[in-house]
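Hi there,

Here is the structure I promised to pass on to you. Have a look at it first, and then read my notes below.

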Amino acid sequence: MKFLVSAILLFFLQACTQKYEPIKTSSMENTEAKNNPYYSRTDTTKLNISNDEWKKILAPDLYAIAREAATERAFTGKYNEFDEIGDYYCAVCGNHLFRSTSKFSSSCGWPSFFEADKEGVYYKRDTAYGMDRVEVLCKRCDSHLGHVFDDGPKPTGLRYCMNSVSLEFVADTQK
């Protein structure tokens with residue numbers, strides 16, 4: 001019995017100490033957009049697309065986060081430790097969401113911003129998993145982006161904690 005308890009304890013301790021490496025990407029280009037007829041960085045028309053249709057278009061990880069409100073593992077997102085100057089768009093539809101000048105290092109494991117594009121996002125109360133949070137969604141396609149908390153820096157005091165998978169970055173040098 002002691003052996004079994006020790007083995008279980010050892011297993012849990014080992015699982016807690018695993019190091020998760022950030023996802024390595026060779027390019028920040030959204031290759032999925034090429035196969036997405038609804039993707040546009042200029043069209044702001046509200047989309048009304050069924051999840052069945054999105055499932056045919058989006059990669060499984062993007063679909064799970066954007067359409068089913070899943071969350072990527074902390075410290076694994078490509079934009080968590082990323083400091084280039086430019087704009088962040090919805091990876092699903094191309095809607096403008098954030099400017100890099102509002103990004104800050106929160107050490108929470110996800111890219112964080114203190115201000116969002118008011119025309120790019122909207123909010124919804126999220127009481128899933130016994131928590132009371134504010135969900136952030138894309139105003140154009142209703143995709144889940146992450147959550148916003150009131151523990152951010154000045155001037156807004158907000159922390160938009162976003163999933164990298166839901167974001168696409170375009171550097172100022174690429175415009």
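This is a predicted model: local features need pLDDT of at least 70, side-chain atom pairs count only at pLDDT 80 or more; totals for chains, interfaces and linings use all residues.

The idea behind them is simple, as side chains of opposite charge can pair when their charged atoms come close.

One of them joins Arg41 and Glu168, with N and O 3.1 Å apart. Arg41 lies in the loop between α1 and α2, while Glu168 belongs to strand β9, so this pair ties together parts that are 127 residues apart in sequence. Are the two partners buried or exposed? Arg41 is partly exposed, with a relative accessible area of 41%, whereas Glu168 is buried at 4%. Arg41 has another neighbour to look at: it lies over the face of Tyr89, 5.4 Å from the ring centre.

A second salt bridge connects Asp87 and Arg99, whose closest N and O atoms are 3.2 Å apart. Asp87 sits in strand β1 and Arg99 in strand β2, twelve residues apart. Asp87 is buried, with a relative accessible area of 8%, and Arg99 is partly exposed at 28%. Through shared partners, salt bridges join Asp87, Arg99 and Asp172 into one network.

You will also find a salt bridge between Arg125 and Asp132, at 2.9 Å from N to O. Both of these residues are exposed.

Now to the strands. Strand β1 (residues 86-90) and strand β2 (residues 96-99) run antiparallel and share three bridges. Five residues lie between the strands of this hairpin, and Gly94 takes a positive phi near 90°. β1 also pairs with β9 in the antiparallel sense, over five bridges; there, Cys90 has Leu167 as its bridge partner. Together they give an open sheet of three strands in the order β2-β1-β9. β2 and β9 (167-171) are the edge strands, each pairing on one side only. From one strand to the next, the twist averages 30°.

Finally, the aromatic rings: there are ten aromatic pairs. Tyr38 and Trp54 form an edge-to-face pair, with 5.5 Å between centres and 70° between planes. Tyr38 is in the loop between α1 (2-16) and α2 (51-57) and Trp54 is in helix α2, so the pair ties together parts 16 residues apart in sequence. Tyr38 is partly exposed at 23% relative accessible area, but Trp54 is buried at 1%. Elsewhere, ring pairs link Tyr79, Phe82, Tyr88, Phe98, Phe113, Tyr123, Tyr160 and Phe169 into a cluster.

Enjoy exploring!

Best wishes

Key
Residues are numbered from 1 along each chain as its sequence is written. Side-chain values use heavy atoms; hydrogens and water are left out. Two strands pair if DSSP finds at least two bridges between them. Helices (H or I, at least four residues) and strands (E, at least two) are DSSP runs, numbered from the N terminus. Rings of Phe, Tyr and Trp (its six-membered ring) pair if their centres lie within 6.5 Å; planes under 30 degrees apart count as stacked, over 60 as edge-to-face and the rest as tilted. Buried means under 20% relative accessible area, exposed over 50%, partly exposed in between (1.4 Å probe, protein chains only). A charge sits over a ring if NZ of Lys or CZ of Arg is within 6 Å of the ring centre and within 35 degrees of the ring normal. Axes are lines fitted to C-alpha atoms, for helices over the stretch in contact, and angles run from 0 to 180 degrees between N-to-C directions. A salt bridge is a side-chain nitrogen of Lys or Arg within 4 Å of a carboxyl oxygen of Asp or Glu.
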